[in-house]
Amino acid sequence: MSLIEISMLVGGGLVFAVTGFFAARMVFQGRAELLADQAQQLEMQIIELQQRADQLAPLEAEQIRLQEQLNHVRQQEQTLQSRLQQLEERSQHLSHQLSTSEEARKQESKQSEVQIKQLEDTRTQLKLEFEQLANKIFEDKQKQFTSQNQL
């Protein structure tokens, strides 16, 4: 092999190597640009996610506050339900007492009416007896007076 052939081979190899280098450089540069674009998109997504997270923090605090408020309202509801049940039981008890008292009052009223009727009947009877007794006494006195006047 001659020097020219070797030079051509070396020159061809160098041209091939330089061409390959530039081709590889262009491929890697394209990939690097693509990776840079992807990295930039990922950074933008991270920023957007961070902004969303920043927006969610107050909402999460509000959710916790509202959950606590809901728990408090539910506890109040249970307390009120319990109180309502107690009041309903008390109302039933008082209603029963009232009906019992009314029944007793009606019985006493009936007994009072019977006693009043009996007293009125007794009064009428006593009045009649008194009138009869007074008339008898008057007649007896009249007879006695008449007999004394005839003597």
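Surface terms come before anything else: accessible areas are from the Shrake-Rupley method with a 1.4 Å probe, and for residues only the protein chains shown count as cover. I'm working on a predicted model, where local features need pLDDT of at least 70 and side-chain atom pairs count only at pLDDT 80 or more, while totals for chains, interfaces and linings use all residues. Residues are numbered from 1 along each chain as its sequence is written, and side-chain values use heavy atoms, with hydrogens and water left out.

**Surface and fold**

I looked up the accessible surface of the protein chain and got about 14400 Å². Carbon and sulfur atoms own 59% of that surface.

Next, how many of the residues are buried (under 20% relative accessible area, with exposed over 50% and partly exposed in between, 1.4 Å probe, protein chains only)? I got 0% of the 151 residues in the protein chain.

For secondary structure I used DSSP runs, numbered from the N terminus: helices are H or I with at least four residues, strands are E with at least two.

**Charged pairs**

My criterion for a salt bridge is a side-chain nitrogen of Lys or Arg within 4 Å of a carboxyl oxygen of Asp or Glu. The structure holds three of them. Background reminder to myself: side chains of opposite charge can pair when their charged atoms come close.

I started with Glu48 and Arg52, whose closest N and O atoms are 2.9 Å apart.

Then I checked Arg65 with Glu62, where the closest N and O atoms are 2.6 Å apart. The spacing here is three residues within α1, again about one turn. Arg65 is partly exposed at 41% relative accessibility, and Glu62 is too, at 34%.

Further along I found Asp121 bridged to Lys117 at 3.1 Å, N to O. Being four residues apart in α1, they are about one helical turn from each other. I noted 40% for Asp121 and 47% for Lys117, so each counts as partly exposed.
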